[in-house]
2 protein chains.
Amino acid sequence: MKIAVDAMGGDFAPRNIVEGAALALAEYDKLTKLFLVGDTPRIEAELKRVDCHDSRIEIVHATQVVEMGDDAISSVRKKKDSSISVAVDLVKSGDADAIMSAGHTGAAVAASTIKLRLLPGIDRAGIATLFPTETNQFVLIDAGANPDARPLHLLQYAVMGSVYSRYVLGYPNPSVGLLSIGTEDSKGNEFTKEVFTLLKESGLPFRGNVEGHDLFEKPVEVVICEGFVGNVMLKSCEALAHAIFTWLKHELVKNPFRWAGAALAKGAFKTIRDKVSADEAGGSVLLGVDGIVIIAHGSSSARAAKNAIRVGMESVEQQVNPHIVEEMKRFYDLSPAQ
Amino acid sequence: MKIAVDAMGGDFAPRNIVEGAALALAEYDKLTKLFLVGDTPRIEAELKRVDCHDSRIEIVHATQVVEMGDDAISSVRKKKDSSISVAVDLVKSGDADAIMSAGHTGAAVAASTIKLRLLPGIDRAGIATLFPTETNQFVLIDAGANPDARPLHLLQYAVMGSVYSRYVLGYPNPSVGLLSIGTEDSKGNEFTKEVFTLLKESGLPFRGNVEGHDLFEKPVEVVICEGFVGNVMLKSCEALAHAIFTWLKHELVKNPFRWAGAALAKGAFKTIRDKVSADEAGGSVLLGVDGIVIIAHGSSSARAAKNAIRVGMESVEQQVNPHIVEEMKRFYDLSPAQ
């Protein structure tokens, strides 16, 4: 399995990304090749720092980096030799099976959309992110690929999310919820009300509006929303989870009884902390493009980068794209809305 | 201090609301009068159930209830004798100092806006919600009053949020962040980019875009966003916090060592659980209307209802509205954008 890694993408790149790549190589035997795309001397320096000399690494030089302040679309046109563009090219040429980037999300989405093209029937790619429930996970799409979505895009996200839920998470009959500000049909803003109508007429197993309390404890299998809302919700939840465990730790060291208690209960903490940890999740799949693209957090740690590479490997095994194509075809053939 | 309570508003009303009112009366001496507005026989039955015979209670009969599926604006016109409308009337007439409702948020906002009117210079009310940081709180506005906001409304929220931060939370020089999907100036959707420009030209202490990781651990004092995003973010965070402690509890009972550890560390858990608990927060202030209106969750427990009444009492003492009026006047006089 061959993964192309955008070694320059992310707030702590290439340091954390290269370190994560080294961790992935040490852990995953199925990785037969890892392309590290970016500035060769800097990548080599980081590999030296972590004492990694794995023969499965191939450094692919790229002279440019898309900066976080760059415009997404024009970055693809203006920085043709950016690490993200070159990494996408490796997938396009068939040299790599998947790409992972923790860089500029918009640029990664734009480069993938322009170079790999969208799947038939799809108008915009969407980031599918997994959220934990007590015993499983649900998928939310879009977590930030498309922050100015049109209602039709969300209908396509519903189809793609359902395919993902069925083939990756193993729910035989996933139902779809629309993220909103109340569960009643009348709740929402102008945008979600339009989406609601489309979904109701779509023939998909639509459960109506869902909100916070439906998400983690009585979840639907697929949650759809436009990218701005999904991204804010994802990052806020991750940040709150991190804050809760940080604050709890500070409280636990306040006296020796608590500290002893924490030591006894350590396993329970670790289980739940890992369940809600952004680092553990690693990265999210960009659905809708004709290729496998994993988007990781800008602030990825080495562990997060390693796990994002793992998500890329899992996605190569899962191969959901043919199922999306098939399902979109069926959807357009059957849907009374079309 | 006299509070009007919409006894019929909420998923578990009048049961939880009346029980919360009884708890508030038992705890808060400063409450001199509590109006319970709604169906008299049902309210009396609930008071009997919780064995509350407090002489500070006055039941005000209302024959109608705004149902959660009702349209917000038309509910004010069509259900003139709803519990929420009658409760707002008590503030308008000066009989009550503040109103608390856990009912239909849109209806509470509409009734307050139509009957109490907006403060000078304000075009839309916004819900100001407090979020915890490790040592203090920050205020987010709007958490759901105005789900189809225009950019100008967010500018007014920034002014109101700053006043709230200064006079209620005690930050001498609060800075404002715009909730977005990246911290760089170029990140966001079309809506937030317009807001960004307005804020940059406003003369307010604008810190730029903020996202998840800025919120709880390196917070700005005032976070602004449009109501749909704020409401989704608030409810998702509350739901996740609840889920984390529920899952942790289930993990902790899995073996006796963990259980013993949990017992020793109980105080630490309680401190952090309370910090992030929706029940403990109780309710949020609706800023921008000429009166004091507290919005509580539809799913309020009795404890949440009690705490929402507490928020109402605190707001009566804080009296931020005159400061908002003054600050809006100064803002319109000074702002180069006007």
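Chain A splits into domain 1 (2-122 + 288-317) and domain 2 (126-277), with the bounds coming from an automatic or database domain assignment. This is a predicted model, in which local features need pLDDT of at least 70 and side-chain atom pairs count only at pLDDT 80 or more, while totals for chains, interfaces and linings use all residues. Residues are numbered from 1 along each chain as its sequence is written, and chains are lettered from A and ligands numbered from 1 in the order in which they are written.

The C-alpha centres of domain 1 and domain 2 of chain A sit 25 Å apart. Five residues of domain 1 of chain A are in contact with six residues of domain 2 of chain A, contact here meaning that the C-beta atoms, placed from the backbone, lie within 7 Å. On the domain 1 side there are three nonpolar, two polar and no charged residues. For these classes, Ala, Val, Leu, Ile, Met, Phe, Trp, Tyr, Cys and Pro count as nonpolar, Asp, Glu, Lys and Arg as charged, and the others, Gly among them, as polar.

Turning to the two chains, 55 residues of chain B are in contact with 54 residues of chain A. On the chain B side, the elements giving two or more residues are helices H8 (212-215), H9 (227-252), H10 (256-264) and H11 (266-276). Helices (H or I, at least four residues) and strands (E, at least two) are DSSP runs, numbered from the N terminus.

Axes are lines fitted to C-alpha atoms, for helices over the stretch in contact, and angles run from 0 to 180 degrees between N-to-C directions. The crossing of H11(A) and H9(B) is right-handed; a crossing is left-handed if the near helix is turned anticlockwise from the far one by less than a right angle, and right-handed if clockwise. H11(A) brings Ala268(A), Thr271(A), Ile272(A), Lys275(A) and Val276(A) to the contact, and H9(B) brings Ile244(B), Trp247(B), Leu248(B), Glu251(B) and Leu252(B). Seven of these residues are nonpolar, one is polar and two are charged.

Then there is H9(A) (227-252) with H11(B), at an angle of about 145 degrees and with axes 9 Å apart. H9(A) and H11(B) make a right-handed crossing.
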